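Here is a short briefing on a ligand and the protein around it.

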Amino acid sequence: KVGLEKTRKGLTEKIEQLIVGYADIDDEFLDDLEAILLTADVGVKTTAQLLSDVRAGIKNKQIQSPEELKPFLQEKISTILISGETAEPEVQPPMVIMVVGVNGVGKTTTIGKLGNYYREQGKTVMLAAGDTFRAAAIEQLEIWGDRIGAEVVKHTEGSDPAAVVFDAVQSAKARKVDVLIIDTAGRLHTKSNLMEELKKIYRIINRELPGAPHSTLLVLDATTGQNAVNQAKLFGEAAAVSGLVLTKLDGTAKGGVVIAIKSELNVPVRWIGIGEGVQDLRPFDPAEFSQALFA
Ligand code: GDP
């Protein structure tokens with residue numbers, strides 16, 4: 001189970017119905033295909049690219065009938081997803097992961113799941129409650145810490161997030177923790193302040209541990225479709241985002257947003273969230289993803 005059932009229904013099954021409904025690929029067929037791709041949130045730019053690929057495929061006879069469209073599209077989409085993929089580099093502990101994103105996207109849950117993933121690999125994990133703005137965020141992180149067996153570094157609500165992060169990095173170094181995962185605030189109504197805060201946190205981590213943070217993950221809610229793409233652009237400018245986490249893919253037919261993000265932004269999707277449980281986070285595997293989409 002990859003959690004893509006809804007997207008599969010919205011995208012692949014509609015393409016299959018389209019194929020059955022037409023004897024030839026004509027302009028009307030292409031218009032319908034365009035509408036299906038846009039509805040699955042593949043994005044305007046990527047949809048235009050895919051349609052031009054299809055037109056070229058028809059012209060050079062790679063696609064001679066509607067049935068030949070599906071494997072053709074699958075190939076194009078998996079090429080988009082796989083291009084330029086690189087693995088996360090191995091680092092000397094502590095590996096520091098900074099997690100950013102707007103409130104409500106599933107940031108805290110993702111941190112818990114991510115911590116659990118490393119715990120299951122036998123690593124020690126520390127969580128830092130860098131979102132000091134919301135008492136609930138600190139409490140929620142503690143609940144996750146208890147659940148997965150990770151220590152949580154926290155200060156009181158309203159305290160300086162930079163101080164929390166400083167303490168966490170010192171403590172992770174002193175205790176030789178394998179993985180330190182840092183939560184950050186996500187209140188977007190004070191956008192410029194938030195971006196400044198994230199930059200400051202980044203600088204402190206880097207000052208206290210050169211080379212860190214080893215990754216900065218931006219968490220995006222897949223159900224928000226193109227909004228997620230816009231958030232990625234916004235955070236990308238301020239926070240040197242190195243990878244993306246797309247949450248709630250289980251709850252949306254808009255999983256095409258993965259394709260839009262990959263083709264429009266130069267940031268790899270690292271993880272996908274496919275449910276609320278502790279196990280429902282998977283490393284993103286582009287080949288597996290496109291296979292599941294077209295299965
Ligand atoms: P935060 O404000 O960004 O920290 O968001 P939370 O981590 O509190 O998550 C908000 C809600 O989304 C919670 O109810 C989570 O259980 C839910 N959630 C997070 N990730 C996923 C996911 O991958 N799938 C589903 N279905 N729900 C998720």
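This is a predicted model: local features need pLDDT of at least 70, side-chain atom pairs count only at pLDDT 80 or more; totals for chains, interfaces and linings use all residues.

Residues are numbered from 1 along each chain as its sequence is written, and side-chain values use heavy atoms, with hydrogens and water left out.

**Confidence**
- The chain has a mean pLDDT of 91, with 98% of its residues at 70 or more; pLDDT is the predictor's confidence in each residue, from 0 to 100.
- For the complex, the predictor gives an ipTM of 0.98 and a pTM of 0.89.

**Shell around the ligand**
- The ligand is surrounded by 18 residues (a heavy atom within 4 Å), and the closest are G104, K107, T108, T109 and E276.
- Helix α5, residues 107-120, contributes the most to this shell, with four residues (helices are DSSP runs of H or I, at least four residues, numbered from the N terminus).
- Sorted by class, the shell holds nine polar, six charged and three nonpolar residues; Gly counts as polar, and Asp, Glu, Lys and Arg as charged.

**Polar contacts** (N or O pairs within 3.5 Å)
- D250 places a polar side-chain atom 2.7 Å from a nitrogen atom of the ligand.
- A backbone N or O atom of V105 lies 3.2 Å from a ligand oxygen atom.
- A polar backbone atom of G275 is 3.2 Å from a nitrogen atom of the ligand.
- The protein covers 79% of the 590 Å² of accessible area that the ligand has on its own (Shrake-Rupley method, 1.4 Å probe).

Methods:
A polar contact is a pair of N or O atoms within 3.5 Å; within protein, one must be able to donate a hydrogen and the other to accept it, and residues adjacent in sequence count only if both atoms are side-chain atoms. Helices (H or I, at least four residues) and strands (E, at least two) are DSSP runs, numbered from the N terminus.
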